[in-house]
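Biologist: I would like to learn how to read a model of this kind, one feature at a time. Could you take me through it slowly?

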Amino acid sequence: MNTMTLLRGGTVVTALGTRRADVLLRDGRIAAVGPSLAADGAEVVDATDRYVLPGGVDPHTHLDATFRGETTRDDFASGTAAALAGGTTTIVDFCIQPRGVGVSAALERWRERLVAHPPVCDVGAHFAVTDLAPSGVLEELASLPERGFPSFKTYMAYPGRSMLDDTDQARVLAVAAEHGATVLVHAEDGPAIERLIGEALSSGRTGLREHARTRPPATEADAIERIATLAGSAGAQLHVVHVSSALGVEAVAAARARGARVTAETCPQYLLLDEALLDGPPERAAAFVFTPPPRGAEDRARLWAGLADGTLDLVASDHCPFDLVGQKRTVDGGDFTTILNGAPGIEHRLVLLHEHGVRRGRLGLERWVELCATAPARRFGLGHRKGAIEVGLDADVVVFDPARRWTIRAAEQVSRVDHAVYEGMPVTGAVERVFLRGTEVVRDGRVVAAAGQGRFVLRERTAETA
Ligand SMILES: [Zn+2]
């Protein structure tokens with residue numbers, strides 16, 4: 001195996017700037033960046049008219065994850081292959097604590113899933129806390145940051161399943177503050193949503209559009225405000241996942257203005273998909289049942305503006321792939337609440353942000369790279385190794401053809417899931433080659449990674465400044 005590769009003549013794009021430069025990858029690291037580097041025996045790759053980008057970092061995925069008895073279609077092998085195909089070289093997945101199970105036992109189950117289907121990109125995990133009842137949970141949580149898990153996730157939604165009430169949220173936030181962890185929060189007002197769902201069902205409103213109507217933007221904004229207040233009292237760092245609405249963006253901005261240490265993400269589905277899609281034939285509209293739900297045009301405009309103005313810090317996929325046929329269905333006579341929530345997206349995050357962000361003039365090239373790679377790496381404790389094209393960092397590099405036109409089709413994707421929520425969408429810009437720690441893992445757009453090429457990555461504690 002050649003351990004030295006020279007990417008020659010490309011346009012290197014980082015969060016800091018864009019320039020013509022060669023990039024030398026040696027022994028898994030970026031060894032040099034500059035004009036006219038000597039090949040010195042390296043395999044030379046012509047990157048003329050291509051962007052050379054740091055590998056994408058997707059900090060929000062659900063691989064081999066079981067919700068309501070169904071397991072997502074991508075395991076760690078297929079899901080990380082899909083990630084590579086889309087230019088993402090590191091993901092941070094979730095180890096979700098099953099209720100009644102302790103922290104170590106939950107981590108052990110998550111690791112078994114990782115080992116059973118070894119990943120082809122690098123993988124870390126946030127620990128999602130759903131139950132403080134098992135003995136020693138808070139003590140074990142306290143030990144996670146120094147064991148390479150410097151982030152916890154909590155849910156304010158799904159009462160009776162994964163929601164923690166405000167008292168328990170405060171307890172987790174206190175542990176996080178004391179031990180330097182970040183708390184990622186699913187901010188939706190679960191009890192308020194339960195009331196709205198109850199009203200919809202009791203008045204016979206069961207169609208899929210009710211999924212959006214029963215989770216209005218105010219339930220997101222109220223939850224963000226509440227958790228930011230709790231985090232402020234605890235002195236904890238907070239990260240709001242999948243912000244979906246204009247009110248949500250405003251709530252993040254307001255919390256930050258009050259001094260909260262809060263960052264926030266959105267996802268391509270909130271930037272691109274309209275809630276009216278839920279009005280389609282149920283067998284297709286079920287694809288758009290994800291949580292929070294898709295919103296309206298004004299919300300999307302505010303999300304794009306939030307990415308540009310820095311109110312939103314990064315873009316994650318929330319890849320949660322359930323098949324449309326056989327998994328995301330209403331059970332006989334069922335209503336909108338019986339459809340599994342979630343949408344695939346791990347494979348298309350970079351190209352969608354390039355098409356709808358960069359090419360439409362909403363984001364600069366550097367901001368695109370920052371949102372998809374640099375900011376998630378830094379925010380979640382990977383900035384010492386990932387997210388930039390700098391000497392000494394892991395040689396995770398994407399060669400991106402900004403001119404190639406193609407159309408998103410489920411039939412051609414790497415993910416195992418049976419549909420794409422962007423089916424038929426034309427895009428310009430394609431991932432051509434990907435290197436993971438110096439080894440070519442995508443060539444001519446095809447994944448060529450060897451099984452198990454990915455590694456579990458230990459992450460460092462970080463300050464919240466992304
Ligand atoms: Zn999620």
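Modeller: Let us begin with overall size, remembering that this is a predicted model. A compact globule of 466 residues would have a radius of gyration near 23 Å, and the protein chain has 21 Å, which agrees. Along the principal axes, the C-alpha atoms of the protein chain fill a box of roughly 70 × 50 × 45 Å, and the secondary structure comes to 13 helices and 19 strands.

Biologist: Which domains does the domain assignment of the protein chain give?

Modeller: The assignment gives domain 1 as 4–53 + 389–447, and domain 2 as 55–379. The C-alpha centres of domain 1 and domain 2 lie 27 Å apart, and 32 residues of domain 1 are in contact with 41 residues of domain 2.

Biologist: Which strands each supply at least two residues of the side of domain 1 that touches domain 2?

Modeller: They are β16 (397–407), β17 (426–436) and β18 (439–443), and the largest share, 7 residues, comes from β17. By residue class, the side of domain 1 that touches domain 2 divides into 21 nonpolar, 8 polar and 3 charged residues.

Biologist: How should I read a pair of packed helices?

Modeller: Two packed helices are described by the angle between their axes and the distance between the axes. In this model, helix α4 (residues 166–179) packs with helix α7 (residues 217–234) at an angle of about 45°, and their axes are 9 Å apart. That angle makes α4 oblique to α7, and the crossing in which α4 passes α7 is right-handed.

Biologist: Which residues make the contact of α4 with α7?

Modeller: From α4 come Asp166, Gln169, Ala170, Leu173, Ala174 and Ala177, while α7 brings Ile227, Leu230, Ala231 and Ala234. Sorted by class, the residues of this contact are 8 nonpolar, 1 polar and 1 charged.

Biologist: At what angle do the axes of α12 and α13 cross?

Modeller: The axes of helix α12 (residues 349–358) and helix α13 (residues 365–379) cross at roughly 150° and come within 10 Å. Angles over 145 degrees count as roughly antiparallel, and α12 and α13 are therefore roughly antiparallel to each other. The crossing of α12 and α13 is right-handed. On the α12 side, Arg349, Leu350, Leu353, His354, Gly357 and Val358 meet Leu365, Trp368, Leu371 and Cys372 in α13, and the residues of the contact divide into 7 nonpolar, 2 polar and 1 charged.

Notes
Residues numbered from 1 in each chain as written. Predicted model: local features only at pLDDT ≥ 70, side-chain atom pairs only at ≥ 80, totals over all residues. Axes fitted to C-alpha atoms, helices over the stretch in contact; angles between N-to-C directions. Helix = DSSP H or I, 4+ residues; strand = E, 2+ residues; numbered from the N terminus. Parallel < 35°, antiparallel > 145°, perpendicular 65-115°, else oblique. Left-handed = near helix turned anticlockwise from the far one by under 90°. Contact = placed C-beta atoms within 7 Å. Nonpolar A, V, L, I, M, F, W, Y, C, P; charged D, E, K, R; others polar. Domains from an automatic or database assignment. Rg over C-alpha atoms; globule rule 2.2 N^0.38 Å.
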